[in-house]
Amino acid sequence: MSDGVLTLTTTAAANGGSCVARHEGRVVFVRYALPGETVLARLVNAKGSYWNAETVKVLEPAPDRIESMCPIAGADGAGCCDLAFAEPSAVRRIKGAVVANQLARLGDYHWVEESEARAEPVGEGGATGWRTRVRLGISADGRAGFHRYHSAELVHRLDCGQLPAGMLDGVAEARWPGGAELHVVLDDDGKRHMVVAGRGRKTTVTEGDYETVQRVAGRTWRVPATAFWQAHRDASALYSELVTRWAQLQPGMSAWDLYGGAGVFAAALAEAVGSGGSVLTVDTSRGASRSARSALADLGNVTVVTDSVRRALAGQRMRADVAVLDPPRTGAGRDVIDLLAAAEVPRIIHIGCEAASFARDIGLYRDRGYAVEHLTVYDSFPLTHHVECVAVLQKGASGR
């Protein structure tokens, strides 16, 4: 080791965007590397039982390494696109293998062999230009930028590979309130909205409107630029179609849409159960709940609740035929899954955006008598290590 730089040969991909290597018996997680590469890697953390490093030079590249598809990402750049240097089909193989490994380790569930696992493309499957919502940091001198990986430092080049051409035109040249955040959205009308917000700061619209127009399955939502909406232009429509198909609801049934956001899934569920059925959608965000109430105002069978999922479930006296969950990265967790099991919800559709917490939740469901009927991984965040996982679970059904 010289000046904190190691020569390492990587093996498997790990959850979180790194690859595993070993130095004198110690595990080193190496970013910006692919499995089977020999690299020079700079240590960024050499404390504890394992170390972290980032690739500074590739000595023996993997066959799937390509010229980076994001000009600002990398060890000395922005943290936006940590797999932009890999051929997109290889990235989908890596993501599938990571999820399969996490499911086996944390969920005690065999999905498929890691060598056969794949993440599915979303929409047309293009790796660049897919993102329609982005949040930028603003430095003390008023310049917008992307954060470096796990850092408060900003990179002020804004030509990230995830963004469509023109989305950030003029942003780099402008000056913004220091310490705030800039939210930029290209909505489904093709209109750009820019909103400056931050803790303790007045929210200010600098272009467009505070609410953005989003459309799914013929229905229109008006969603705050600062609120959650799927970043990939095709993701909301895809997940809505999946929920409609996999819920298997009939008229007169009931459904829960948990962590429901603006109510995209609630709309699909309400159409399925009809006027004689009922849908409860729950989210902690007041802004998301307002969007849901407005967009679903014509659906008398939908109740919108602004509360935590755990409290909302604890107060429920009616059992649902189907529950759909789309929790944050931390997952649903033991308390919520215990409440679903106690309520004897027979069918659950669980969507997870972090492989480890998703795998843990799958294990919790299985411990409570649910079987995995279907599981798919989606490459909803191309150029990055992030995934979206969708599982259908049935109470008492046979399954692996």
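Which side chain meets that of Asp82 in a salt bridge? The partner is Arg31, with 3.1 Å from N to O. The legends below start with the whole model and then return to this pair.

Figure 1. Helices (H or I, at least four residues) and strands (E, at least two) are DSSP runs, numbered from the N terminus. Along the principal axes, the C-alpha atoms fill a box of roughly 70 × 50 × 35 Å. Of the 400 residues, 54% are buried; buried means under 20% relative accessible area, exposed over 50%, and partly exposed in between (1.4 Å probe, protein chains only). The protein exposes about 17,700 Å², and carbon and sulfur atoms supply 47% of that area. Accessible areas come from the Shrake-Rupley method with a 1.4 Å probe, and for residues only the protein chains shown count as cover. Among contacts (heavy atoms within 4.5 Å) between residues at least 6 apart in sequence, 60% join residues at least 24 apart.

Residues are numbered from 1 along each chain as its sequence is written, and side-chain values use heavy atoms, with hydrogens and water left out. Because the model is predicted, local features need pLDDT of at least 70 and side-chain atom pairs count only at pLDDT 80 or more, while totals for chains, interfaces and linings use all residues.

**Figure 2. Asp82 and Arg31 form a salt bridge.** The structure holds 20 salt bridges, each being a side-chain nitrogen of Lys or Arg within 4 Å of a carboxyl oxygen of Asp or Glu. Side chains of opposite charge can pair when their charged atoms come close. In this view the side chains of Asp82 and Arg31 meet at 3.1 Å, N to O. Asp82 lies in the loop between β5 (50–60) and α1 (88–107) and Arg31 in strand β3 (residues 26–31), so the pair ties together parts that are 51 residues apart in sequence. Are these two residues buried or exposed? Asp82 counts as buried at 4% relative accessibility, and Arg31 counts as buried at 5%.

**Figure 3. Arg42, Glu54 and Asp76 belong to one salt-bridge network.** Arg42 meets Glu54 in a salt bridge of 2.8 Å, N to O. This pair links Arg42 in strand β4 (residues 38–45) with Glu54 in strand β5, 12 residues apart. Arg42 also forms a salt bridge with Asp76, whose closest N and O atoms are 3.1 Å apart. Here the link runs from strand β4 to the loop between β5 and α1, 34 residues apart. With shared partners, these salt bridges join Arg42, Glu54 and Asp76 into one network. How exposed is each member? Glu54 is buried at 11% relative accessible area, Arg42 is partly exposed at 27%, and Asp76 is exposed at 59%.

**Figure 4. Strand β4 pairs with both β1 and β5.** Two strands pair if DSSP finds at least two bridges between them. Strand β1 (residues 5–9) runs antiparallel to β4, joined by 5 bridges, and Thr9 stands opposite Thr38 in β4. β4 and β5 also run antiparallel, joined by 7 bridges, with Glu60 in β5 as the bridge partner of Thr38. These two strands form a hairpin with 4 residues between them, and Gly48 in the turn has a positive phi of about 90 degrees.

**Figure 5. Six strands build an open antiparallel sheet.** Their order is β9-β8-β7-β10-β11-β12. The edge strands β9 (154–155) and β12 (204–207) each pair on one side only. Strand β11 (residues 192–197) pairs with β12 over 3 bridges, and Val196 has Thr204 in β12 as its bridge partner.

**Figure 6. Gln230 and Tyr259 are among the annotated binding-site residues.** In an unreviewed entry, UniProt places the feature "binding site" at Gln230, Tyr259, Asp283 and Asp326. UniProt positions are given in the numbering used here, feature names are shortened, and annotations may be inferred rather than shown by experiment. Gln230 is found in the loop between β14 (219–224) and α2 (235–247), and is buried at 8% relative accessible area. Leaving aside neighbours within four places in sequence, Gln230 is in contact with residues including Thr132, Arg133, Tyr239 and Asp326. Tyr259 sits in the loop between β15 (254–258) and α3 (264–273). Not counting residues up to four places away in sequence, Tyr259 touches several residues, among them Asp283 and Asp326.
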